[in-house]
Structures are given as structure tokens and as C-alpha cells.
Amino acid sequence: MAKTASPAAASAGVRTRRQGGFGLRFVRDFALNKYLYLMMLPVVLYYAVFHYAPMYGALIAFKDYTPIKGIIGSDWVGLANFKDFFSSYYFWRILKNTVLISFYTLLFGFPAPIVLALLLNEVRSRYFKSFAQTVSYIPHFISLVVICGMIVSFTNNDGVINNLLTHFGYDGQAMLQKPGLFRPIYVLSEIWQKIGWESIIYIAALTGIDQEQYEAARMDGASRLKQMWYITLPGIMPTIAIMFILRMGNLLNIGFEKIILLYNSVTYETADVIASFVYRKGLLEFGWSYSSAVGLFNSVVNLLLLIAANRLTRKLSSSSLW
Amino acid sequence: MRREFGLFDTLLGWFIHALLLVLVIVTLYPLFYVAFASFSDAGRLVAHRGFLYAPLGFSLEAYAGVFKNPGILTGYRNTLFILVFGVAVNLIVTALGAYVLSRKNVLWNNFFMIVIVLTMFFSGGLIPLYLIVKGVGLIDSLWSTIIPFAVNTFNLIIMRTAFQAVPDSLEESAKIDGANHWTILMRIIVPLSMPVIAVMILYYAVEKWNGWFYAAIFIKDHKLYPLQLILREILISNSTESMATDASNADRFQIGETIKYATIMVATVPILCVYPFVQKYFVKGVMVGALKG
């Protein structure tokens, strides 16, 4: 604005008119919608207090927080908490565990519901199909605590899964006390619980495929396997892409609640992830600032992963979140 | 029609059915095992190795033990409180937000949407949230599991999309008849969006029923523990012994095992009874979320 100095009077006139226009719009909008804004007040308050205030509170990651001094009053320490974390023995351990558990869950857990949907799609009997579907959703409705309780009981030294495996040469010790078994138990139970539920979305996508394509393929003598590969799978590809991006954005937000329920000090070396570490250091050992720094690191990495996944899928297929 | 692959296709069909049957068994058997074990005779269950195909003997001792634990009843009561008031708060606040955000010609709506969607991708983290909840004085109150989770952003967006789909003409005519925003929301928008609202109730109810983590960090008073925290004590931290006080030590350990299974039954059977009736709404919800989200 300052550069257009020559028609000074004119530009000043425009500016005031614009400002007036904007202010007027402001006032008019408020007069018209004041009851709407009143209705919005609880929502705005909720987001301000329980989402944005904690984001501001995350500043304590750069401070030496003590409850007496409060968030504002505590002393700045710059990146000391982050340096502490990055140079600590735990950094590589929890990063490795987080990445590995996420990776295994993605590798086995992501295709499983797709496979289930494809299998269900091949079932001709409607009765059997809906029965299998209904049964596969059931675990989704059992609470996590109960599922973990079942895992603990079944894998205990007198548990049914443990007994079964001793026939195949397992030594019969409580399975959750073995660091090497934590990840398989985590991933398998994850699939058990979620396969049916997560397949719903793919089953929905399957119903959208044009049936004439199958008709034409049959005419040309394509086998069921070929139809599956050349028609069904491409048909649900956009859905798979979107689900993949969403999954990537949550890669580091692995079900830490389940980890906290299942792990113990013996299995920390394979089970402890960033989120469970934050919980333990922050809330059980009161390392407020340190664990906030770790949590902030987690949030930032998550955001970057989401953006990267979105870029990647946009390049590979035409679907993306934005 | 040519059918060159006839035999192979038939075999494939059988294979697929067999695979699905295995899946059904793997899904259901653990639940049956829990049921059988809960009715079994404690001593025989502990001595037993391998699969169960029916209860070993028959005993209701474990169930007696479960109901002797005062925690189960207070837990159910607290969870019921969280469920009723929590879902009510969720619905009211979400519906208000969804209504305002679905209106046209509201100057600040774009800003609100950006601010709200951002929270899906970035959060301050667990510790700052704890400090805020502590700051507003909700620690050791059942409301700490309700108010800090008043809106689920994903649900808000789904509801907003549903509200947007209500035809404008209906509201216009209501406005001419002198209806205010509250009336439009309650008399027109909500009744017309009932399917989505039913889905929201179910989603929020499941969230409240299953929630234990935030209760574990915000609530220290044992009397205020929701059911899931009591379950965690019994199933995972192994505190069943206290429930069978009048038994000898060895018996306590044995009955402790069956008590665990009976506890799972007591906490899960009510849900599984409701499940067949609500299942289709959930499925609908997944579709709604998928199409709109």
C-alpha cells in the first residue's frame, strides 16, 4: 500500500472505505448471527480449553516445569529436554519399538481386512456371508481391558494358548514375560480384534463395483482368481489408498493403551513405545517437562508422516486427503 | 458361456469357505472358552490342560465371588453415570457445533472449521492435557472423563455434513413462521437427521463404556473407578484373592482363576446382548464416516 504513493488521496479513500466495509461486515454479521455464536460458545470453549490450551501448555517442553511456578512462571531451558531425550539410552529403544510395532501392525494388520473383504465377496451363500460378517465384528464390541485380560489369562503358564503351544515345543513359561513374544502377541490380537470391523469399509466399496464388469470377464473366460485380481482389487483401490494415508498419519499413535495393559518391566525392551514412555515418565515419575518434550516430538513426527503419506499416495494413485 | 476354469473355481470356492469357517471359529472360540471356564469347578479348571468343550463340572461360586466384590457394583454405577451424562453432553455440544457450522453466511465458520480440523492432526500431548484438567479442578471427579472429551472432532464433522444435507426450503418456511435457531435445530434438523444421531449415540456410548485410560490418570479415588478400571485390577493386576476371603490360600488361587472368567462374562454379556440390535447402526456409521469424512 505504501508503494502506491502518487494517488495518495485516492488510495487512502479506498483504504478507509475497505476498512469500513470490513468493519461493517463484522458488525452486520454479528447482529445477524449473534444467537448462532452463542450456540457455538460451548464448542469454542471446549476446543480452546482442552485442545489449544494444552498446545500452549506444551511449551513446558522448553521449560523446567514445576507445579509451584506454573506453566508461565517456570524457567526456560531451551532445547535441554530434547537433548536429554535424544542422547538418552531410551531414545533409540522406544523409537525402535514404536517403529517396529507400527510397522508390523501395518504390514499384517492393514492387508488382513482387505483379504477378508475379498474372501467374503466370493461367498455365494448370503446366509453364510452375513453370519461370518456378524461374527467377525463381535470382538470390536468387547472392551480393550477385557481383551487384554483374556490375552493375559490365555498366555499365562496355565493358559489355553500356552498349553496348545507346548505341544509344539514351547517351554510353557508365561508368554507375556518373554520380550521376544510381545510383538507377535500384540499384532495377532490386534488383527483378531479389528479384522472384521475394518473390513466393513472395503465391503462397502465392493458393492460399488459395476457388476457388468464381472459379466464381461466371465464371457471372456476369466477365472475367479483373475476377476478378483483385475476387477475387484482395482475397484477398491481408491478406498485402500485413503485408508492407507489415514493409517500412516496415526503410525506413531499405536494403541499405547493396549501396550500399557500388556507390558511389564521384563518386556520394556521390546514393548515400551513413545506414548507409554511419556505416560510412565510424566505421570508416574513426574518428569513433566521431559515427557512433554517426548510427546511433542511424537506429535511432530506424526504430522510429518501424514503429510508424507499424502504426498506419496497422491503420486501413486489419484486419491489423496487434500 | 465358456467355463474353462470350472474345477479350479469350485475348489477355490471350497477353500474360501473353509478359510472363513476357520476365522469364525478363531473369533468365537475364545469367548466360548471364557464362558465354559466361568462355570467350571475351580479345582478342575486349574488342573485342566488344553481346550474346553463344555464347563468342567458346574459351579456358580465364581459368580458369587464377582458379586461379592463391591467394586463391580460401584464400577457399574460409575460407568452408568459416565455413560448417561457423558453421552448427553457429547450430543448436545456436538449438535450445537454441527448446527452452527452447517449454516451458510456465517462469517467465522471457515475460521472455526480450520481451528477444529487442526486438532485432528496435532495435539499438545498427554502431560499438558493432564495439567489443564488439573488446573480446571476436574481431578478426582467423574466429570473428568466427560468434559475434556465433550466433542469428538470426527463425529462433529460427520454430524455437520448430515445437517448440511437437510433441504434449505424447510428451514426457510420455518423462519417465515417465526422459528428461531433453537426451534429449527430441535424441530427440523434433529428429527430429520435421526439415523446419524443414532450412530453418534452408539459411537459416543462405546467410547464411554470402553474408556479406562483417562479415568486411570484423572481419578485416584477408588470409589469413583469406572467398571473398566475395576476390570483392569481384577484381570490384569491380579487382585482376585480379596474376593474369596473365606477360602484357604490354595483354594483362593484356584477360585481366582474362575473369578477372572466370570468377571469377563459379567462385564461383556450385557454388551453382547445389545449387540445384535445395534450392529446395523454401527455398520451404517462406518459407511457414513467413510463417505463423508
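Modeller: Helix axes here are lines fitted to C-alpha atoms over the stretch in contact, and angles run from 0 to 180 degrees between N-to-C directions. The model is predicted: local features need pLDDT of at least 70, side-chain atom pairs count only at pLDDT 80 or more, and totals for chains, interfaces and linings use all residues. Residues are numbered from 1 along each chain as its sequence is written, and chains are lettered from A and ligands numbered from 1 in the order in which they are written.

Colleague: Why are H6(A) and H9(A) called oblique to each other?

Modeller: Helix H6 (residues 126-137) and helix H9 (residues 179-207) of chain A pack at about 125°, their axes 7 Å apart. Angles under 35 degrees count as roughly parallel, over 145 as roughly antiparallel, 65 to 115 as roughly perpendicular and the rest as oblique; H6(A) and H9(A) are therefore oblique.

Colleague: Which residues of H6(A) and H9(A) meet?

Modeller: Contact requires C-beta atoms, placed from the backbone, within 7 Å. A:Gln133, A:Ser136 and A:Tyr137 of H6(A) meet A:Ile195, A:Gly196, A:Trp197 and A:Ser199 of H9(A).

Colleague: What makes the residues of this contact nonpolar, polar or charged?

Modeller: Ala, Val, Leu, Ile, Met, Phe, Trp, Tyr, Cys and Pro count as nonpolar, Asp, Glu, Lys and Arg as charged, and the others, Gly among them, as polar.

Colleague: How many residues does each chain bring to the contact between chains A and B?

Modeller: Chain B gives 75 residues and chain A 69. H1(B) supplies the largest share of the side of chain B that touches chain A, 15 residues. That side divides into 53 nonpolar, 15 polar and seven charged residues.

Methods:
Contact = placed C-beta atoms within 7 Å. Helix = DSSP H or I, 4+ residues; strand = E, 2+ residues; numbered from the N terminus.
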